[in-house]
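Let's work through a few exercises on charged side chains. Keep the viewer open and try each task before reading its solution.

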Amino acid sequence: MYEKAFSLEIITPTRVVFRDEATSLSAPGVLGRFQILYDHAPFLTAIGIGELKVKDKSGNDTIYATSGGFVEVSANKVVVLADAVEKASEIDVARAQAARTRAQERLHHPGPDIDVERARAALARALNRLRIHDKAT
């Protein structure tokens, strides 16, 4: 099936994760998931912790874990500026499990020097990374 493609860039502070044409982008908006297709209306929105799903012009889906950022759509050019993005197949499971354990310990035994909101966010990011990895395998 032929689908029209748009330009997509996924960028973090440390690297360009994806720069090519795509036919679809699904993202975890802060108010709910959304999808971008060719000729989408211009907009700018925040994304949260969740799954980015890119369908390339060959019809292949690639899943990424993200921890938040912004998406800008304008004239068939989409730019994702994300805090962090990891391809599902590249997620370091041991590191994600260790982050989950650290965050759970901090939440179960909060001391005066523990930032509970920061620990909750760290736990959400670790769980998302593990979920995305498990989904792709």
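**Exercise 1.** Is Arg120 buried, partly exposed or exposed?

*Solution.* The model is a predicted one. Start with the relative accessibility of Arg120, which is 47%. Partly exposed covers the range between under 20% (buried) and over 50% (exposed), so Arg120 counts as partly exposed at 47%. Next, look for its partner: Arg120 forms a salt bridge with Glu117, with the closest N and O atoms 2.6 Å apart.

**Exercise 2.** Find the salt-bridge partner of Glu51, and work out which parts of the chain the pair ties together.

*Solution.* First, the partner is Lys135, and the closest N and O atoms are 2.7 Å apart. Second, Glu51 belongs to strand β4 and Lys135 to helix α2 (residues 116-136), so the bridge ties together parts 84 residues apart in sequence. Third, check accessibility: Glu51 is buried at 8%, whereas Lys135 is partly exposed at 48%.

**Exercise 3.** Describe the salt bridge between Lys57 and Glu21.

*Solution.* Begin with the distance: the closest N and O atoms are 3.9 Å apart, and the cut-off is within 4 Å, so the pair counts. The pair links distant parts of the chain, 36 residues apart: Lys57 is in the loop between β4 (43-56) and β5 (61-74), and Glu21 is in strand β2 (residues 16-29). Lys57 is exposed at 51%, while Glu21 is partly exposed at 36%.

**Exercise 4.** How many salt bridges does the whole structure hold?

*Solution.* A search of the whole structure gives nine. Glu9, Arg19 and Lys77 are linked in a salt-bridge network.

How values were computed:
Residues numbered from 1 in each chain as written. Predicted model: local features only at pLDDT ≥ 70, side-chain atom pairs only at ≥ 80, totals over all residues. Heavy atoms only, no water. Salt bridge = Lys/Arg side-chain N within 4 Å of Asp/Glu carboxyl O. Helix = DSSP H or I, 4+ residues; strand = E, 2+ residues; numbered from the N terminus. Buried < 20%, exposed > 50% of the residue type's maximum accessible area, 1.4 Å probe, protein only.
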